[in-house]
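Welcome! Try each task yourself before you read the solution.

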Amino acid sequence: MRYGYNGKILHVNLTTGELTVEEPPESFYRKYMGGSALNTYYLLKEMPANADPLGPDNILALSVGVITGAPISGQSRMTSTAKSPLTDAIGDAQSGGFFPAEMKFAGFDAFIIKGQSSKPVYLWVHDGQYELRDASHLWGKITGEVEAILQEELGDKQIEVAQVGPASELGVRYGAIMNMSNRANGRTGMGTVMASKKLKAVVVRGKQGKKQFKMADPKGLINLAQQGVKELPESDVASLSKYGTPEVTGYQQAAGGLPSYNYNSGVFDSWEAIDGTTMYDTILRGADEDKQDRRGRDTCYACTIRCKRVVEITEGPYKVDPYYGGPEYETTSTFGNYCGVSDLPAVAYANQLCNQYGMDTISCGATIAWAMECFENGKLTLEDTDGLEVRFGNAEVMVKLTEMIAKREGFGNILAEGSARAAEIIGRGTEEYLITSRKQEAPAHMPQLKRSIGLIYAVNPFGADHQSSEHDGAYEGDEPEYPERLAMIGLTEAQPPLSLSPGKINFALKTQHFYSLADSVNVCQFVYGPAWQLYDPEVLRATITAVTGWDITIDELLTIGERRVNMLRAFNARDGIDREQDQLPAKMFKKALKNGPTAGLKLDRAEFEAALDEYFRQSNWDVETGIPTRHKLTELDLAWVADQLNL
Amino acid sequence: MEIKVRLHGLLRDSLPREMKGQTTLTLPETATVQDVVAHLNIKRKVSANVNGMQVQLSYRLQPNDALQLFRIVGGG
C-alpha cells in the first residue's frame with residue numbers, strides 16, 4: 001500500500017507537446033524522497049552535460065515530497081531544480097504556500113519539464129488530468145493579473161498557480177517562480193529557465209485529492225501536529241509567528257552580523273526602522289486597528305506558525321497591496337541595510353515589484369547595493385546610471401533601479417545580468433566590490449562572523465545559500481542551547497566562536513546533510529531542524545514514518561541528504577566545475593569590516609583553503625578537485641553517477 | 001540606581017504592550033545584566049548591549065546605563 005505520495009511523475013516535453021506519466025516503484029521514493037534529490041536524479045539521468053541553461057536541453061524539475069499535503073506544520077514546500085542561468089551550475093530553490101499541497105492533491109509528485117515551446121503555454125493539472133494550454137494572453141502580464149485571469153478562465157477560485165513574471169520573460173537572470181503572487185522559488189534564476197521554455201505557469205487543483213490523502217498512521221500524525229501547536233508559544237519560533245523573519249534584524253545588529261553598505265559593515269545605525277517589530281507596528285496589515293495577528297499574518301498549508309508577512313500601505317509614494325505579501329528578513333536586508341536604506345515602505349514597495357515581476361529579492365537588492373558601492377567609489381558615473389545618483393541610503397533610486405531591472409530598461413538592463421556579469425560588462429575594477437560566490441549574491445548572514453556558513457556559501461553547489469546548513473551560533477560556546485537535538489545527528493562537541501576547526505567543519509557538513517534532507521523531503525527549515533526549530537530530527541523521522549509507514553531511521557534520512565549533496569556536486573563536475581569555483585568573495589579576505597562588534601574582522605585565505613581541504617576530506621571527496629569519489633558515490637548507491645563522471 | 005532598559009523583538013512582549021519594550025528600572029547598586037533578565041522574568045537566551053557595547057550577562061551595571069536586550073536567534 002502506498003501512503004503519502006501519488007506514485008506518479010508527469011513528464012512534459014514542451015518541444016513536442018507530449019505529456020507522459022511515469023510510475024516509479026516505492027524503492028525510488030524511499031531512496032530520493034522528492035524535492036531536490038528527486039529533481040537532481042532526473043537532471044543527471046536525462047540532461048546532457050554542458051547544456052545551455054536557457055536552451056531546450058535544460059530540464060526544469062518541480063517536485064513535492066512524500067509527506068507534502070499531510071495535515072502538519074512545515075510540509076507544504078515545492079522545489080525547483082535546473083541548470084542555473086545565473087551561476088552556470090546546478091540551480092535549486094524552494095518555496096512554501098498552498099501550491100505544493102495542491103500539487104500533491106492534483107495527483108502528481110513531480111513535473112519534469114523538457115524542451116522549449118514555440119509559443120507561450122501553461123500546464124493545467126487537476127484531479128489526475130493534465131493538458132498544455134495557450135498562454136499568449138498571459139505573456140507580459142504581472143503575477144496578480146495572471147492569477148485573476150486564470151481563476152476566471154478555469155472557473156475556480158481555488159486553483160494554485162506557480163508562474164513566471166515579466167522579468168523572467170525578459171531574461172533577468174535571477175527570475176523567480178512565484179506562487180500565490182507572494183511566495184518565491186527565488187534563488188538561482190529558476191523562473192528565468194521556466195520562461196525560456198515559454199512556460200508561463202503551472203496551475204494545479206485537486207478537488208478530491210485532499211479527502212483521498214492516505215497516511216499509514218493518521219492518529220500518530222495528528223498527535224505530532226498537536227504537539228507542535230502546543231509547544232509553539234514557548235518555542236524559539238514563537239517570534240516568527242508574531243514578528244516574522246525580520247525580527248532577526250535586531251540580533252544580527254547586536255552581534256555585528258547585519259550586512260550593511262554592500263557588506264562593508266556588520267551594523268546599520270538605522271536598523272530599527274526596518275526591523276520586525278517596526279513592521280508589525282506600522283505596515284503589517286491590520287496595524288491601524290491593532291489586528292495584525294488576524295490580518296497581517298499568512299500561512300502555508302496546514303502550518304500553525306503563520307510566519308508569512310502581509311503588509312499594506314495606502315498612502316504616500318510607496319503604496320503596497322497586501323495581495324503581494326510582505327518582505328522577509330532577507331528582503332529587508334538586501335533592499336534595506338545592504339543599500340543603507342532605512343525607508344521601510346520603500347523596501348516593501350521594492351518587494352512588491354519583485355513579486356509582481358517575478359525576481360529574487362536577494363540577488364536584486366544585493367546587485368543594487370553593489371552598484372551603489374561602485375558609484376560611491378567613482379567606478380560608475382551618472383553617464384552609466386542614466387543620471388541616477390546611485391548612492392547608499394537613496395531609497396528612491398533603490399526602488400527606481402528595481403523597476404528598471406524588472407523591465408530591463410537603461411542601466412537596469414545591465415544589472416539584470418546579476419552583479420558578477422555586470423562587473424564583467426563594466427570592468428574598471430568593479431569586480432572588487434562583488435559579494436558573490438559562483439556568481440550568486442550572498443544572503444544576509446555574514447561569513448566573517450559565521451565561519452561555517454561562509455564555508456557552505458563557497459562549497460554549496462548552487463551558490464551562496466543561508467538555508468543549506470545550521471548557523472554557527474548553535475554550536476559555539478561553553479553552553480550550547482540545543483545539545484539534545486544536535487546529538488541526534490551526531491554533534492556533541494561545541495566549538496569556540498569564530499572557529500573553523502575540524503569540529504566546526506563537521507558541524508557544517510552534518511547539518512548540511514540534514515538541511516539537504518529537508519529540501520528533499522521538502523519540509524520547511526523553520527519547522528524541522530537540528531537546533532531552534534519547532535520540531536527536532538526525531539519528530540521529522542516520526543512524521544515521515546506516520547505518513548509513509550516506512551520504518552526509517554535518522555541515519556537513513558541523513559544518507560538521503562548526503563546523497564543529494566553528492567548528486568548536486570556531480571552535476572557540476574560533469575560540466576567541468578570543481579574546487580576552483582569554491583570561492584568566497586575576494587573582498588571578504590581583503591577588507592576588514594567597519595564599526596560595531598565585528599569591526600576589524602576579515603577572512604584568512606590560508607584558513608579558508610585549509611577548511612576546504614578538511615570539508616572535502618570529511619565528505620570523502622577528492623581533496624584536490626572537490627569531486628565526489630567513486631567509493632563515496634557507490635556507498636550512497638550512486639554508482640551510476642560515478643559512471644557518468646568516468647571515475 | 002536607575003537603568004534604562006530596551007527590549008527588542010519578541011522580548012518586548014515581556015512588558016505591557018503600550019511600553020513597546022522600553023522601561024526604567026530602579027535596581028540595587030550591585031545589579032548585573034543577569035539580574036535584569038531575572039527581574040523581567042525573561043526565560044529566553046539573550047544578548048546584551050550596554051551604552052552601545054556588547055557585554056556579558058555578568059556585567060555589573062552602572063547608574064544611568066542604557067541596557068538593550070536581544071533574543072539570540074539562529075537562522076532567518
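**Exercise 1.** How far apart do the C-alpha centres of domain 2 of chain A and domain 3 of chain A lie?

*Solution.* Keep in mind that this is a predicted model.
- Start by finding the domains: the assignment for chain A gives domain 1 (9–212), domain 2 (219–438) and domain 3 (451–583 + 604–644).
- Next, take the C-alpha centres of domain 2 and domain 3 of chain A, which lie 27 Å apart.
- Now look at where these two domains touch: 14 residues of domain 2 and 17 residues of domain 3 of chain A take part in the contact.
- On the domain 2 side, helix 8 (residues 218–231) of chain A gives the most, with five residues.

**Exercise 2.** Work out why chain A counts as being as compact as a globular protein of its length.

*Solution.* 
- Begin with the secondary structure of chain A, which comes to 27 helices and 16 strands.
- The radius of gyration of chain A is 23 Å, close to the 26 Å that the globule rule gives for 647 residues, so chain A is as compact as a globular protein of that length.
- For the dimensions, the C-alpha trace of chain A spans about 65 × 55 × 50 Å along its principal axes.
- As for burial, 64% of the 647 residues in chain A are buried.

**Exercise 3.** Which residues have the most contacts inside the largest nonpolar core?

*Solution.* 
- The largest nonpolar core has 228 residues, and those with the most contacts inside it are A:Phe111, A:Tyr122, A:Ala201, A:Val203, A:Met359 and A:Met398.
- Helix 15 (residues 361–376) of chain A supplies the largest share of this core, 10 residues.
- Zoom in on A:Ala201: leaving aside residues up to four places away in sequence, its contacts include A:Tyr122, A:Leu138 and A:Val161.

**Exercise 4.** Is helix 21 of chain A mostly covered or mostly uncovered?

*Solution.* 
- Locate helix 21 of chain A at residues 502–522.
- Check its length: this helix of 21 residues reaches 29 Å from its first C-alpha to its last, close to the 30 Å expected at 1.5 Å a residue.
- Then count burial: 18 of the 21 residues of helix 21 of chain A are buried, which makes the helix mostly covered.

**Exercise 5.** How many residues does the contact take from chain A and from chain B?

*Solution.* 
- Chain A gives 23 residues to the contact and chain B gives 15 residues.
- On the chain A side, helix 10 of chain A has the largest share, five residues.
- By class, the chain A side that touches chain B holds 11 nonpolar, eight polar and four charged residues.

Terms used: Residues are numbered from 1 along each chain as its sequence is written. Chains are lettered from A and ligands numbered from 1 in the order in which they are written. This is a predicted model: local features need pLDDT of at least 70, side-chain atom pairs count only at pLDDT 80 or more; totals for chains, interfaces and linings use all residues. Helices (H or I, at least four residues) and strands (E, at least two) are DSSP runs, numbered from the N terminus. The expected span of a helix is 1.5 Å times one less than its number of residues. A residue is buried if 20 or more other C-beta atoms lie within 10 Å of its own, exposed if 12 or fewer, and partly exposed in between; C-beta atoms are placed from the backbone. A nonpolar core is a set of buried Ala, Val, Leu, Ile, Met, Phe, Trp, Tyr and Cys residues joined through C-beta atoms within 7 Å. Two residues are in contact if their C-beta atoms, placed from the backbone, lie within 7 Å. Ala, Val, Leu, Ile, Met, Phe, Trp, Tyr, Cys and Pro count as nonpolar, Asp, Glu, Lys and Arg as charged, and the others, Gly among them, as polar. Domain bounds come from an automatic or database domain assignment. The radius of gyration is taken over C-alpha atoms; the globule rule is 2.2 Å times the number of residues to the power 0.38.
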